[in-house]
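Hi,

Here is the structure I said I'd pass on. Have a look first, and my notes follow below.

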Amino acid sequence: MLVRTQPNARLHALAAIAVTIAGLALEVDAAGWCRLAAAIAAVWAAEAFNTAFELLCDVVHPEYHPAVRDAKDAAAGAVLAVSLGAAAVGVFTLGPPFWSWASGTWRALG
Ligand SMILES: Nc1ncnc2c1ncn2[C@@H]1O[C@H](COP(=O)(O)OP(=O)(O)OP(=O)(O)O)[C@@H](O)[C@H]1O
C-alpha cells in the first residue's frame, strides 16, 4: 500500500534496493549489514507512521486547519530526520569499502 500510494515510499524502496546491491558488491560485514538493515527499517517505519497519521488526519479533519498543517509537517519532519540519519549510516558503512575499492582500482589502472 505504501509503495502504491506514496511517492516518497517509492524513493525509499529504490534507495533500499540500491543500498542492498552496493552492500553485496562491496562485501559489507555482518555489523555493517545490521546497521544498514536497522536504518532501512527505521525509514520504512517512519514512512508508515507518517502515512497512517496523514490518513487519520484526513478522516478526522478533512478541511484546512493550522493545527492539522503543523501536525502533518511535524510527522513529515520525523521522516526527514530518520532519512538523514539513514543516509549518514549508509555513507559511513558503505563509504570506507567503496573508497578502498575505488583507490585499489585506480592504482591497478595507473
Ligand atoms: N487539513 C489540512 N489543513 C492544513 N494543512 C494541511 C491539511 N492537509 C494537508 N496540509 C498541508 O499540506 C501538506 C501535505 O499534506 P498531504 O496530506 O497532502 O501529505 P503528502 O502530500 O502525502 O505529504 P508527505 O510528503 O509528508 O507524505 C502537509 O504537510 C500540510 O502542511
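Before the notes, one term: I call two residues in contact if their C-beta atoms, placed from the backbone, lie within 7 Å. On that basis, and leaving out residues up to four places away in sequence, Val-82 touches Ala-42, Val-43 and Ala-46.

Two bits of housekeeping. Residues are numbered from 1 along each chain as its sequence is written. This is a predicted model, so local features need pLDDT of at least 70 and side-chain atom pairs count only at pLDDT 80 or more, while totals for chains, interfaces and linings use all residues.

Back to Val-82, which sits in helix H4 (helices, H or I with at least four residues, and strands, E with at least two, are DSSP runs numbered from the N terminus). Val-82 counts as partly exposed because it has 19 C-beta neighbours inside 10 Å; buried takes 20 or more other C-beta atoms within 10 Å of a residue's own, exposed means 12 or fewer, and partly exposed is in between, with C-beta atoms placed from the backbone.

Now the helix packing. Axes here are lines fitted to C-alpha atoms, for helices over the stretch in contact, and angles run from 0 to 180 degrees between N-to-C directions. Helix H3 (residues 30-60) packs on helix H4 (residues 66-109) at about 170°, with the axes 9 Å apart. H3 and H4 are therefore roughly antiparallel (over 145 degrees; under 35 is roughly parallel, 65 to 115 roughly perpendicular, the rest oblique). The residues of the H3 contact with H4 are 17 nonpolar, six polar and four charged. For those classes, Ala, Val, Leu, Ile, Met, Phe, Trp, Tyr, Cys and Pro are nonpolar, Asp, Glu, Lys and Arg are charged, and the others, Gly among them, are polar.

Helix H2 (residues 7-25) and H3 pack at about 175°, with axes 11 Å apart, so H2 and H3 are roughly antiparallel too. Residues making this contact include Ala-16 and Val-19 of H2, and Leu-36 and Ile-40 of H3. By class, the contact of H2 with H3 has eight nonpolar, four polar and one charged residues.

What makes up the largest nonpolar core? A nonpolar core is a set of buried Ala, Val, Leu, Ile, Met, Phe, Trp, Tyr and Cys residues joined through C-beta atoms within 7 Å. The largest one has nine residues: Val-19, Val-28, Leu-36, Ala-39, Ile-40, Val-43, Ala-46, Val-79 and Ala-86. H3 provides the largest share of this core, five residues. Val-19 touches Leu-36, Ile-40 and Gly-90, again not counting residues up to four places away in sequence.

Then there's the ligand. A residue is near it if its C-beta atom, placed from the backbone, lies within 6 Å. Residues around the ligand include Asn-8, Glu-54, His-61, His-65 and Arg-69. H4 gives the most to this shell, with five residues, and by class the shell has three nonpolar, four polar and four charged residues.

Last, Glu-27, in the loop between H2 and H3: its phi is near 50°, a positive value in a residue other than glycine. Glu-27 counts as exposed because it has 9 C-beta neighbours inside 10 Å.

Cheers
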